[in-house]
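Please examine the sequence and the 3D structure shown here. Some questions and answers on selected features come after them.

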Amino acid sequence: MSEPVGPVSGPVSVPGPARRLRAPLGTLAAVAAAFAFVGAVDPNEPGHYPVCPLLDLTGLYCPACGGLRSAYAVAHGEPVTAAGANLLAVAGYAAFALFWAAWTVRAARGRPTAGPRLRAAHWWALGGLLLVFTVVRNLPFGAGLSP
């Protein structure tokens, strides 16, 4: 008697809720730990974090300048202060929270959890947004976007 040729299909096991939620909850734990650290170690006090190399060498703000101060303000429940430190970072925190919530709900329901599929146009748009944000925050009329 010969062996069957081709894939052998057996019963398909569906992972339980604990296993499906492992990745979203692990991600949440890592992000919460990062925000807890930044919330405990004040970036407004000099010497706790390295300085931005672009700011140090050129005096220009990069798109991330003020991001740690923004995260510190978010950790302390001060959204207006966070937006003043880096508005784009706050938008990124909000986008992450929305994507994470959708990921968690889909995982809990046992649905596919693949994230958004960004095309080249999306990456170009994001790069353009970062470039415009960087240029505007370094011009006199964009001083409100400076940390």
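This is a predicted model: local features need pLDDT of at least 70, side-chain atom pairs count only at pLDDT 80 or more; totals for chains, interfaces and linings use all residues.

Residues are numbered from 1 along each chain as its sequence is written, and side-chain values use heavy atoms, with hydrogens and water left out.

Q: How are helix H2 and helix H4 oriented to each other: roughly parallel, roughly antiparallel, oblique or roughly perpendicular?
A: Helices are DSSP runs of H or I with at least four residues, numbered from the N terminus. The axes, lines fitted to C-alpha atoms over the stretch in contact, with angles from 0 to 180 degrees between N-to-C directions, come within 8 Å for H2 (residues 22–40) and H4 (residues 67–75) and cross at roughly 95 degrees. Angles under 35 degrees count as roughly parallel, over 145 as roughly antiparallel, 65 to 115 as roughly perpendicular and the rest as oblique. H2 and H4 are therefore roughly perpendicular.

Q: Which residues of H4 make the contact with H2?
A: Contact means heavy atoms within 4.5 Å. On the H2 side, Phe35, Val38 and Gly39 take part. Their partners in H4 are Leu68, Ala71, Tyr72, Val74 and Ala75.

Q: Which residues in H4 are buried?
A: Buried means under 20% relative accessible area, exposed over 50%, and partly exposed in between, with a 1.4 Å probe and protein chains only. The cover over the buried residues of H4 includes H2, helix H5 (79–85) and helix H6 (87–108). The buried residues in H4 are Gly67, Ser70, Ala71, Tyr72 and Ala73.

Q: Is Asn86 buried or exposed?
A: Asn86 lies in the loop between H5 and H6. Among the residues that Asn86 touches, not counting those up to four places away in sequence, are Pro63, Cys65, Ser70 and Phe133. With a relative accessible area of 1%, Asn86 is buried.

Q: How many disulfides does the count come to?
A: A disulfide is a covalent bond between the sulfur atoms of two cysteines; here the rule is a pair of cysteine sulfur atoms within 2.5 Å. For Cys62, the nearest cysteine sulfur is that of Cys65, 3.7 Å away. The sulfur of Cys65 is 3.5 Å from the closest cysteine sulfur, in Cys52, which is too far for a bond. The count of disulfides comes to zero.

Technical notes:
Helices (H or I, at least four residues) and strands (E, at least two) are DSSP runs, numbered from the N terminus.
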